[in-house]
Amino acid sequence: MEDLAYKLVKVTEAAALAAYKLAGSGDEKKADQVAVDAMRTVLNSMEINGTIVIGEGERDEAPMLYIGEKVGTGNGPEIDIAVDPLEGTTICAHYKQGAMSVLAATNKGNFLHAPDVYMEKIAVGKDLPEGVVSLKNSVEENLGNLAKAKGCKINDLVVTILRRERHSKLIETIRKLGAKIKLIDDGDIAAVVSLINGNHDMYIGTGGAPEGVLAAAALSSIGGQMEGRLVFDTDQLKERAKDLNIHDPEKIYTIKDMARGESVFIATGVTSGELVDGVKFSGNICSISSLIILPNKLIKLQTT
């Protein structure tokens, strides 16, 4: 996996550099487009037999690295690949902090093939009792269990949530219980993965299912915990679930359901954030920062 990781980092570096050239342009779709194109070009030059199993989301209306797309020369290892060429399209377009290019890879069949729907998520970092938090529990139970496991009070906990109208009641409940809330505008992959840094204690809320699988790939490698439940809340989505052979739309997926075997996760910064620094130019020298997460191993890379 480590050898593969060093090859695949070239993919996210290319996408990040392409997107950075559109940073601050205000054009989300163009920034995503160039990241997708750069990622596809490098993937197709590699000696792999790759299949995209988590691709660009339909909600972004961007040209997709679509689910089922074959990438690579067809020679070499058979791998499944999850991508988000530009996590934080709005962040990049407005030159805010935390835009990244993200990729995860594993042996064929190990990633949950999540459709492009919403997913309820809850995640915590490493070195905690198994099942310390769960979507089955109330918010009060989860905060109480987490505080007890960490040997602190609930009002010492920091919980990260996407700033969305759908989370207003959740935010109100958590604040009443006394925990601190860190609101983010975008970038829930980074928010989940940054649990490894100890900058916050829990991520909770509803975001994209594809992003959930990417985050699970990273978190599973370093002993974090995560659960997800796909959201099929309209008749149209319920029919889609049937088409996808999802027989239990209320199923709670554990981190091992989402990322079943060993995987590699790579994030390359476009603009600086909690996980990685952004692209930097100094004269004719360009510096690109990446984070590689392998089983029980974190590697920070800087390429000039």
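Select Val-193 and show its surroundings: leaving aside residues up to four places away in sequence, Val-193 touches Ala-215, Ala-218, Phe-265, Leu-275 and Ile-293. Contact here means heavy atoms within 4.5 Å.

This is a predicted model, in which local features need pLDDT of at least 70, side-chain atom pairs count only at pLDDT 80 or more, and totals for chains, interfaces and linings use all residues. Residues are numbered from 1 along each chain as its sequence is written, and side-chain values use heavy atoms, with hydrogens and water left out.

Stay on Val-193, which lies in helix H6 (residues 188-193). Helices (H or I, at least four residues) and strands (E, at least two) are DSSP runs, numbered from the N terminus. Is Val-193 buried or exposed? Val-193 counts as buried because its relative accessibility is 1%; buried means under 20% relative accessible area, exposed over 50%, and partly exposed in between (1.4 Å probe, protein chains only).

Next, select Asp-84, Glu-87 and Glu-211, where the unreviewed UniProt entry places the feature "binding site". These residues are spread over 128 residues of sequence, yet they cluster in space, with a largest C-alpha distance of 8.7 Å. UniProt positions follow the numbering used here, feature names are shortened, and annotations may be inferred rather than shown by experiment.

Zoom in on Glu-87, in strand S3 (residues 78-87). Glu-87 is buried because its relative accessibility is 3%. Its side chain reaches the backbone nitrogen of Ile-189 at 3.1 Å.

Finish at Glu-211, in helix H7 (residues 209-221). Not counting residues up to four places away in sequence, Glu-211 touches Asp-84, Glu-87, Lys-121, Asp-188 and Ile-189.

How values were computed: A polar contact is a pair of N or O atoms within 3.5 Å; within protein, one must be able to donate a hydrogen and the other to accept it, and residues adjacent in sequence count only if both atoms are side-chain atoms.
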